[in-house]
Amino acid sequence: MIELDGLGKSYGTLHAVRGISLRVAPGEVYALLGANGAGKTTALRCLATLLRPTSGTARIAGFDVRTEPLEVRRRMGFLAASMGLYGRLTARELLRYFAELHGLEPADARARVEAAVETFGLAEFADRLCGKLSTGQKQRVSIARAVVHDPPALVLDEPTLGLDVLSGEAIYRFVERARERGRAVLFSTHQMSEVELLADRVGIIAGGRLVAEGTADEVVAQSGERSLARAFLRLATEAAA
Ligand SMILES: Nc1ncnc2c1ncn2[C@@H]1O[C@H](COP(=O)(O)OP(=O)(O)OP(=O)(O)O)[C@@H](O)[C@H]1O
Ligand SMILES: [Mg+2]
């Protein structure tokens, strides 16, 4: 459902992503762990058709990001780590706008928006201007916006960035529910606890390469360490050396 195949992306002479291959099946949650600058956002932005791969490719539901970007976008919800919201729309108006942009009929759009307001706990501030929301409130609206059309593939760059424990919980519940409903979920994070709680599999990215992959237990076992945090430290440093 989500596939990266030898994906590479360079910015001039800087090779940010160097041949990453991975698959996320429907009903599977896959976490990308990597230090700052490891290449996570670059890989996810290629997948979201916002960057053109330098080599290899990525596909969503079999559609290639290079040749069929519109088909890809239709089937994917993408949360960017630093996504702008239209400050002069209320959260509800914004969600409505995106639902309709995705081609939903007004009645369906309204229903989806209300479902998203409920799922992400937006009720309290849904009629306030996005520009006046707090960081965490904006983040929750951004996620709701990314998934309002209920796509089969979810690509989330640091979905719980800036969220308090309670809001983080709402995102976790959302991801669990997405898995139950057969969605393919690929997300990046710096939180080991999130990987252990949510992910069926984890991939560790260092220096633009996938240096380990498997269930959290498998990755820990491969590394010869006792915890995911230690496994991550070892793999990330070995790759850098
Ligand atoms: N637009 C750009 N132009 C040039 N270099 C870039 C650009 N965006 C990212 N880079 C570089 O590419 C590398 C990978 O960056 P990327 O944002 O993909 O990392 P990341 O894994 O998402 O890191 P973080 O955990 O900090 O979000 C870094 O060395 C970064 O400086
Ligand atoms: Mg990033």
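Conventions. Residues are numbered from 1 along each chain as its sequence is written, and chains are lettered from A and ligands numbered from 1 in the order in which they are written. Since the model is predicted, local features need pLDDT of at least 70 and side-chain atom pairs count only at pLDDT 80 or more, while totals for chains, interfaces and linings use all residues.

Entry 1, helix α1. I took helices (H or I, at least four residues) and strands (E, at least two) as DSSP runs, numbered from the N terminus. For burial I counted other C-beta atoms within 10 Å of a residue's own, placed from the backbone: 20 or more is buried, 12 or fewer exposed, in between partly exposed. α1 covers residues 40-47, and eight of its eight residues are buried. Lys40 and Arg45 are among them.

Thr49 follows α1 and lies in the loop between α1 and β4. Its phi is positive, near 65°, and Thr49 is not glycine. Is Thr49 buried or exposed? Thr49 is buried, because 21 other C-beta atoms lie within 10 Å.

I called two strands paired if DSSP finds at least two bridges between them. β1 (2-11) and β4 (55-60) are antiparallel over five bridges; Leu4 is bridged to Ala58 in β4. β4 also runs antiparallel to β5 (63-64), with two bridges, and Ile60 faces Phe63 there. β4 and β5 make a hairpin with two residues between them, and Ala61 in the turn has a positive phi of about 50°.

I found Asp150 in the loop between α5 and β7, with a positive phi near 55°. Asp150 counts as partly exposed because it has 17 C-beta neighbours inside 10 Å.
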